[in-house]
Amino acid sequence: MSDTARDRLMFVIALIMAAIYLFPLYWMYITALKSGSEMFATPPTFWPSVPQWSTYAYVWESRGMGRYLWNSLIIASGAVVLITVLGVGCAYVLARYRNAWVDIGLFLILMLQVLPASLMITPIFVGFSQIGMLEYPRLAVIIAIAAKSMPFFVVLVRATFMAVPMELEEAALVDGNSRVGAFFNIVLPLARNGILVSAILIFMQAFGEFVYSKSIIQAVELQPASVGLNSFMGPNTNEWNNIMAYATIYVTPILAIFVLLQRRIVSGLTSGAIK
Amino acid sequence: MKRLLSSIRDGRGFDVVLVAFPLGFLFLMAGLPLLYNVLMSFQEVDMFSLGTFLRPFVGLKNYRDLFAQPETLPILVNTAIFVTGSIAGQFLLGFGLALFFWVNFPGASWLRGLFLVSWVMPGLVVGAIWNWILSGDFGVLNFILRESGVISGNIFWRSDPNYSLYAVIMANIWLGTAFNMILLSVGLSGIPTDLYEAAELDGANAWQRFWTITLPMMRSTIGAIIALGLIFTLQQFDLFAAITSGGPNNSSNVTQYWAWEQSFRQYDFAKGATISVLMIIFVMIASVVYVRSTRHEVRG
């Protein structure tokens, strides 16, 4: 077998495997386009006979999705800003030095990364209610998410800073830059891409966050889309085409960002978690 | 004062400031809650004492009560099944895929990256999709299994206590396989190729090469991935909320969902805190294993 034939064969097999793996995603998109009766047809149809595009508009209106997505956006953006402002400097220092203190700091950060949100929410909720933070539920969720996701961000961004040559910074210092100047003019611009990719990863995570929002935000008009989806799915629901339309509207922007930036996101992710 | 300012602008002080704020924030928002959790597990907490720190101290009563409950043991067993089932499934599928994509062909890395969409999707959405796929009467999974002759009658994945836990495990395996595959791929690409060339010259077949080179060379990566898998599986909450809500009758309940249920459904915050403390200790042990297996990276 020639090399090109082998490559083609491998590609086709890989494509089939990807298709099988991504079938749930396909099923979401297809179900959203089915009519109420076609959805419950036996055997199920694998292509909608008459695509119901109006389902999207109906779900958007009836579930008030604009408001849910807006809240998700606020929460995710707030968390990303807070994490970036606090996390970048921390990652920089942890990347720049090698000593026992840095090791201890890294160890603590890795330990904080692993605490499950559904277990941490009990003390956070009680503590927040005692200091009156529950008056500002979205801010409370932003802070909780920031505390949860910052360790992951620091680990990822630290890997980026490690790739920036120290000599460049030293040269800037020799040229009369202050530490602050060297950091903002030399190091930060060089690490910009890595920081951006990590921030996007954090954004995607925060955009789908559920546990904290569900537990802390009681008012429906302040809840994000994940909580909205959860309350849409009652125990005996039969509006699966509407639910899948909701899910489609919710995830398609995330999937679009991911497919566009796939290469960078994958390499950013792998550099941080395991080397 | 002036010296302090100039140190912050151009000296050690700069580093200290950069680290102090994030670590202070993490201490306030992650460290203190952790300690508070331990404190609450020794207290009697109810709706009336929620506003005060000085609640009646009850010693180990919460822990004794917890283990006296009939559902505790089944839920712990469920957690063990969920964790082992999910990790085994994710790891084996992920390893298989990683080995397949290791054979370099045009488009391999792009296609491999595409698998990761399962991981970037919100957990609630993944749960919603699987909830519909696993539906008893109209679910597409039952249809496929029926057509291929694996089952003769529909399985009610979500409402049959014998299957509900496996329904969530299936969704979780789907969610985590891609992540495992990507990390394993990184590990595979780090193995020097001349090892394989030498083994081939010595007449080792593919099977022997896998057992004597690939697996031993991947040992630290595999250790890290299994520990990471343990950490992620114990964090899994959204799928339970979206597929079974821990039911029917706790048959698919696991500790991390149960702790939340105790606090936010039963308003028994002390019990929620008690379960959390036990689980957090367990997760921390797992994370020590993880940190140890990636230590060579930490130390440089």
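Two residues are in contact here if their C-beta atoms, placed from the backbone, lie within 7 Å. This is a predicted model, where local features need pLDDT of at least 70, side-chain atom pairs count only at pLDDT 80 or more, and totals for chains, interfaces and linings use all residues. Residues are numbered from 1 along each chain as its sequence is written, while chains are lettered from A and ligands numbered from 1 in the order in which they are written.

**View 1. The two domains of chain A.**
Where the domains meet, seven residues of domain 1 of chain A are in contact with six residues of domain 2 of chain A. On the domain 1 side, the touching residues come to four nonpolar, two polar and one charged. (Nonpolar takes in Ala, Val, Leu, Ile, Met, Phe, Trp, Tyr, Cys and Pro, charged takes in Asp, Glu, Lys and Arg, and the others, Gly among them, are polar.)

**View 2. Chain A as a whole.**
Chain A has 14 helices and zero strands. Helices (H or I, at least four residues) and strands (E, at least two) are DSSP runs, numbered from the N terminus. The C-alpha trace of chain A spans about 75 × 70 × 30 Å along its principal axes. Of its 275 residues, 48% count as buried. Buried is for a residue with 20 or more other C-beta atoms within 10 Å of its own, exposed is for 12 or fewer, and partly exposed is in between, with C-beta atoms placed from the backbone. Take the contacts in chain A with a separation of 6 or more: 75% of them are accounted for by residues 24 or more positions apart.

**View 3. A close look at A:F128.**
You'll find A:F128 in helix α6 of chain A. A:F128 counts as buried because it has 24 C-beta neighbours inside 10 Å. Leaving out residues up to four places away in sequence, A:F128 touches A:M133, A:L134 and A:A140. A:L269 sits 141 residues along the chain from A:F128, and their C-alpha atoms are separated by 32 Å.

**View 4. Where chain A meets chain B.**
Here 82 residues of chain B are in contact with 78 residues of chain A. Helix α2 of chain B (residues 12-41) gives the most to chain B's side, with 15 residues. Sorted by type, the side of chain B that touches chain A has 60 nonpolar, 17 polar and five charged residues.

**View 5. α6 of chain A beside α14 of chain B.**
Helix α6 of chain A (residues 117-130) and α14(B) pack with their axes 8 Å apart, at an angle of about 25°. That makes α6(A) roughly parallel to α14(B). (The axes are lines fitted to C-alpha atoms, for helices over the stretch in contact, and angles run from 0 to 180 degrees between N-to-C directions; under 35 degrees is roughly parallel, over 145 roughly antiparallel, 65 to 115 roughly perpendicular and the rest oblique.) On the α6(A) side, A:S118, A:L119, A:I121 and A:T122 meet B:Q256, B:Y257, B:A259, B:W260 and B:S263 of α14(B). That contact between α6(A) and α14(B) has five nonpolar, four polar and no charged residues.

**View 6. α14 and α15 within chain B.**
In chain B, the axes of α14 (residues 255-264) and α15 (residues 269-293) come within 7 Å and cross at roughly 160°. So α14(B) and α15(B) are roughly antiparallel to each other. From α14(B), the residues making the contact include B:W258 and B:Q262, and from α15(B) they include B:I275 and B:M279. By type, the residues of this α14(B) and α15(B) contact come to six nonpolar, six polar and one charged.

**View 7. An enclosed helix, α7 of chain B.**
Helix α7 of chain B (residues 123-133) is largely enclosed by the rest of the structure, because 11 of its 11 residues are buried. Among the buried residues of α7(B) are B:G123, B:W130, B:N131 and B:W132.

Most residues other than glycine have a negative phi. B:S245, though, has a positive phi near 55°, and B:N250, also not a glycine, has a positive phi of about 65°. B:S245 is in the loop between α13 (238-243) and α14 of chain B, and B:N250 lies in the loop between α13 and α14 of chain B. B:S245 counts as partly exposed, with 18 C-beta neighbours inside 10 Å. B:N250 is partly exposed, with 18 other C-beta atoms within 10 Å.
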